[in-house]
Amino acid sequence: VQTCALPIYIIGPGRVLRKAVESGKIPSFILWGPPGSGKTTLLRILCGLNDGYEGEIVWRGQNTTDVSEAFAGDLLYFGHRVGVSKILTPLENLRWSAGLQRHVDDELLLQALATVGLRGFEESPCYTLSAGQQQRVSLARLRLSPATLRVLDEPFTTLDVDAVAQLELTLAEHAERGGGVIVTTHHTLSMPGLTRLTLGVS
């Protein structure tokens, strides 16, 4: 991914996807394609979790292999798993994840949990929560993250209507502030400025 008035290059299995972007802004993409078209593989390549590709990924004008620590600090990746420790409470999960990058007061953590509908569940072990509630813990983590680029693989799975709307708003606000979003989903997003890329189409 390359910014600063140059084209955006996303390197996927067997092809290179190119999209011109506006100067100074990081683009937002939604990836579409049938099962097996390489959506998850592409996201994992972009995040440095899969090295089975040819070419390079550029972030802020530099190859990500040369600035791996800085790129990791700019990146938040949500895979198919919710990324929540089930033996910890929602509050403990947020303390740990937020603490990896900066100190965050408990008041902000509790506010994030309340925003995603988990007021009253802050101290409940996550193994006692439903799949949808565990996903909401991840949504709270998303709201707290300072990462510039957010990469999400099917994030709407198990979410109810209210949580879907909350996630859409969170992603839209992030993009409006100049952040980047890359997401795979079968859900129709209403985010403005979202570019659709379809994989598996010759």
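Author: Welcome! In what follows, contact means heavy atoms within 4.5 Å. The model is a predicted one.

Reader: Which residues of α5 does α3 meet?
Author: Helix α5 spans residues 131–144, and its axis lies 10 Å from that of α3. The two pack at about 35°, and α3 passes α5 in a right-handed crossing. On the α3 side the contact is made by P90, N93, L94 and S97; their partners in α5 are V137, A140, R141 and L144.

Reader: How many residues of the contact of α3 with α5 are charged?
Author: Sorting this contact by class gives 5 nonpolar and 2 polar residues. What remains is the charged class, with a count of 1.

Reader: Which residues of α4 make the contact with α3?
Author: The crossing of α3 past α4 is right-handed. From α3 come P90, L91, L94, R95 and A98. From α4 come D106, L109, L110 and L113.

Reader: Which element has the highest mean pLDDT?
Author: Over the whole chain the mean is 79, and 84% of residues reach 70 or more. Residues 1–24 stay under 50, and strand β1 (residues 8–12) has the lowest mean of the elements, 36. At the other end, with a mean of 94, is α4.

Methods
Residues numbered from 1 in each chain as written. Predicted model: local features only at pLDDT ≥ 70, side-chain atom pairs only at ≥ 80, totals over all residues. Heavy atoms only, no water. Left-handed = near helix turned anticlockwise from the far one by under 90°. Helix = DSSP H or I, 4+ residues; strand = E, 2+ residues; numbered from the N terminus. pLDDT = per-residue confidence, 0-100. Axes fitted to C-alpha atoms, helices over the stretch in contact; angles between N-to-C directions. Nonpolar A, V, L, I, M, F, W, Y, C, P; charged D, E, K, R; others polar.
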